[in-house]
Amino acid sequence: MDICKKFGIRVRKLRIAQNLSQEVLAQKSDLHRTYIGGIERGERNVSLVNIQKIANALNISLHEIMKNL
């Protein structure tokens, strides 16, 4: 499986575990909801800056968000 798809699945699992909608995660990470959707579908090659924003929004470390990819 492609790394973008794996990362998207990981973000979706972490988001759902925290009972957050894509819209709320987008607001917390200062990204657009459609961008979050694209990430979760594996359509986006996410920059390190945006990975950090998502990790911060989920209150987890970069290590944790990348775990088991």
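Mentor: Start with a term: a nonpolar core is a set of buried Ala, Val, Leu, Ile, Met, Phe, Trp, Tyr and Cys residues joined through side-chain atoms within 4.5 Å. Buried means under 20% relative accessible area, exposed means over 50%, and partly exposed is in between, with a 1.4 Å probe and protein chains only.

Trainee: Ok, and what sort of model is this?

Mentor: This is a predicted model, in which local features need pLDDT of at least 70 and side-chain atom pairs count only at pLDDT 80 or more, while totals for chains, interfaces and linings use all residues. Residues are numbered from 1 along each chain as its sequence is written, and side-chain values use heavy atoms, with hydrogens and water left out.

Trainee: Which residues touch the most other members in the largest nonpolar core?

Mentor: That core has 18 residues, and Phe7, Val11, Ile36, Ile39, Ile54, Leu58 and Ile65 touch the most other members. Two or more residues come from each of α1, α2, α3 and α4. Helix α4 gives the most, with four residues. Helices here are DSSP runs (H or I, at least four residues) and strands are E runs of at least two, numbered from the N terminus.

Trainee: Take Val11. What is it in contact with, leaving aside neighbours within four places in sequence?

Mentor: Val11 is in contact with Leu25, Ile39, Glu40, Ile54 and Ile65. Contact means heavy atoms within 4.5 Å.

Trainee: Moving to α3. How many of its residues are buried?

Mentor: Helix α3 covers residues 33-40, and six of its eight residues are buried. They are Tyr35, Ile36, Gly37, Gly38, Ile39 and Glu40.

Trainee: What covers the buried residues of α3?

Mentor: The cover includes α1 (3-17), α2 and α4.

Trainee: At what angle do α2 and α3 pack?

Mentor: Their axes are 8 Å apart and the angle is about 110 degrees. That makes α2 roughly perpendicular to α3. Angles of 65 to 115 degrees get that label; under 35 is roughly parallel, over 145 roughly antiparallel, and the rest oblique. The axes are lines fitted to C-alpha atoms, for helices over the stretch in contact, and angles run from 0 to 180 degrees between N-to-C directions.

Trainee: Is the crossing of α2 and α3 left-handed or right-handed?

Mentor: The crossing of α2 and α3 is right-handed. From α2 the contact uses Gln22, Glu23, Leu25, Ala26 and Ser29, and from α3 it uses Arg33, Ile36, Gly37 and Glu40. By class, that contact of α2 with α3 has three nonpolar, three polar and three charged residues. As for the terms, a crossing is right-handed if the near helix is turned clockwise from the far one by less than a right angle, and left-handed if anticlockwise. Ala, Val, Leu, Ile, Met, Phe, Trp, Tyr, Cys and Pro count as nonpolar, Asp, Glu, Lys and Arg as charged, and the others, Gly among them, as polar.

Trainee: And how do α2 and α4 cross?

Mentor: The axes of α2 (residues 22-29) and α4 (residues 48-57) come within 8 Å and cross at roughly 110 degrees. That makes α2 roughly perpendicular to α4. This crossing of α2 and α4 is right-handed. Leu25, Lys28 and Ser29 in α2 meet Lys53, Ile54 and Ala57 in α4. The contact of α2 with α4 has three nonpolar, one polar and two charged residues by class.

Trainee: Now the loops. Where is Val46, and is it buried or exposed?

Mentor: Val46 is in the loop between α3 and α4. Val46 is buried, because its relative accessible area is 13%. Leaving aside neighbours within four places in sequence, its contacts are Phe7, Tyr35, Ile39 and Ile51. Val46 and Gly8 are 38 residues apart in sequence but 9.5 Å apart in space, C-alpha to C-alpha.

Trainee: What about Asn50: buried or exposed?

Mentor: Asn50 lies in helix α4. Its relative accessibility is 14%, so Asn50 counts as buried. Not counting residues up to four places away in sequence, Asn50 touches Leu31 and Tyr35.

Trainee: Last topic, backbone. What phi does Asp30 have?

Mentor: Asp30 has a positive phi of about 60 degrees although it is not a glycine. Asp30 sits in the loop between α2 and α3 and is exposed, with a relative accessible area of 62%. Asn68, also not a glycine, has a positive phi of about 65 degrees. Asn68 is in the segment after α5 (62-66) and counts as exposed at 72% relative accessibility.
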